[in-house]
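Please keep the sequence and the three-dimensional view at hand while reading.

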Amino acid sequence: MYTLSASQQANFLSTDFMAVSTNSTVSSAAVDGAVNVCKIKSAGSGGSDGTHTGIAIRGDGTGGVVSVTVTSGAVTAVTVTSVGTGYTFGTISNAQIVSAGATSLSGAEIDVIIEPKGGHGKNAVEELGGFYVMMNTSLEGTESGNSGDLTVANDFRKITLIRDPNSSGSAATSTTLRATKAINLTGVSGSYVVDEKISQASTGAIGKVVEWDSSNKILYYIQTRHTNEGIDTNGNQTAFSGTNVVSGAGGATGTPTTTSSTIDSVSFTSGYSASEIDHDSGDILYIENRAPITRAADQTENIKLVIEF
C-alpha cells in the first residue's frame, strides 16, 4: 500500500508505532467498490473437483467475477478474476458454484470482502485506522548557525508542544528560537553557576542562571513565577535593567554593558537581549516531564511525541 523512506523510518518508526502514508500511485489507481478478496467461510463438501470459472459476484455493484477451486469435494480457493466496481455488499451463493460445475456441492459459504470507501489504498490513514499523530524533532548540539538557542551548558527535563508562538510580535517561523533572556556583562568577578539565583540589588530583579558564557561574557537566564527564580519576597517580578550590578548566589558579580551589538548571534540593546519567543504567546497543547537529559556539543537528542485523537 505504501513504503516508508529511510528518513520516515528513522523519524517515525518505534517499537510500538509506525507511520501511515497514502501513496499517490496507489491512491490514484484505487477503484471505489472493487472486490479484490473473497474468503472461504465454509468449504462445504460433495462438489465436483476442478476450477469453476465465471461466477458473478452479486450485490449492489457490477462486474465482479470469481473462479472457485474445489479439491476432494470441498472449496479450497476463491480467485477474483474481475474486481468490478460499486460494491458496498456482495454475495456468492453455494447454488452459483454448483451451477458453474461443482455438481452436488453443499454447505459452502464465501464471504465477499468489501474495501473501504474509495477503494483499497485511496486513504491509507483511514483504512488502517490511524488515529495517532507522531511528531519528531532532533536537538543537534547547539544547532549550527543558531548559537545559544539550544544550550549544552544545562540539562532539560520538560518537553512542551506550543501552537503558534510569536517572535517579536509576529508568528514564529525560525527553525530554532532562544527562550532565555541574556545580559552582556563587563567587569566580571568570579563565575556564575547554572541554576543558581542571580539578583540586581538596585532594581530588586531576581532570576535563575541557564548558562554562563565566560568567553563572551554573556549571562543567559530566565525569570519564572517562582520565588527566588523571578519573583522577589514581595511577590513582584521586576526586569533586570540599567548598568546595575548583577550578583550570583555564589559570589560572582558583573555590570551590564551600555553597548548595542551582536555577539555570538545574540543581539544586545544597551547590554540586554530579550527572549526570541514572546512571553505568554501561543497555546500549550502538551507537556511531558522526563528524567533530566544532559546535553553536549557533539550530542543529538531525538524526541518523539505520540498524540492520540
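The sections below describe strand pairing and salt bridges in this predicted model.

Strand E2 covers residues 50–56 and strand E4 covers residues 62–71; the two run antiparallel and are joined by five bridges. Within this pairing, Ala-56 stands opposite Val-65 of E4.

Strand E4 also pairs with strand E5, which spans residues 74–85, again in the antiparallel sense, and here there are nine bridges.

The structure contains six salt bridges. One of them connects Lys-117 with Asp-32, whose closest N and O atoms lie 3.3 Å apart. Lys-117 belongs to the loop between strand E7 (106–113) and helix H4 (124–127), while Asp-32 belongs to the loop between helix H2 (24–29) and strand E1 (37–45), so the pair ties together parts that are 85 residues apart in sequence. Lys-117 has a relative accessible area of 69% and is therefore exposed, since the exposed class begins over 50%. Asp-32, by contrast, is partly exposed, at 35% relative accessibility.

A second salt bridge is formed by the side chains of Asp-283 and Arg-163, with an N to O distance of 3.1 Å. This pair links distant parts of the chain, for Asp-283 is in strand E21 (residues 283–293) and Arg-163 is in strand E9 (residues 156–163), 120 residues apart. Asp-283 counts as partly exposed at 38% relative accessibility, and Arg-163 counts as partly exposed at 43%.

## The salt bridge of Arg-290 and Glu-288

The side chains of Arg-290 and Glu-288 also meet in a salt bridge, at 2.6 Å from N to O. Arg-290 is partly exposed, its relative accessible area being 28%. Glu-288 has a relative accessible area of 21%. Because buried means under 20%, this value places the residue in the partly exposed class.

## Summary

Strand E4 pairs antiparallel with E2 through five bridges and with E5 through nine. Among the six salt bridges are those of Lys-117 with Asp-32, Asp-283 with Arg-163, and Arg-290 with Glu-288.

Terms used. Residues are numbered from 1 along each chain as its sequence is written. This is a predicted model: local features need pLDDT of at least 70, side-chain atom pairs count only at pLDDT 80 or more; totals for chains, interfaces and linings use all residues. Side-chain values use heavy atoms; hydrogens and water are left out. Two strands pair if DSSP finds at least two bridges between them. Helices (H or I, at least four residues) and strands (E, at least two) are DSSP runs, numbered from the N terminus. A salt bridge is a side-chain nitrogen of Lys or Arg within 4 Å of a carboxyl oxygen of Asp or Glu. Buried means under 20% relative accessible area, exposed over 50%, partly exposed in between (1.4 Å probe, protein chains only).
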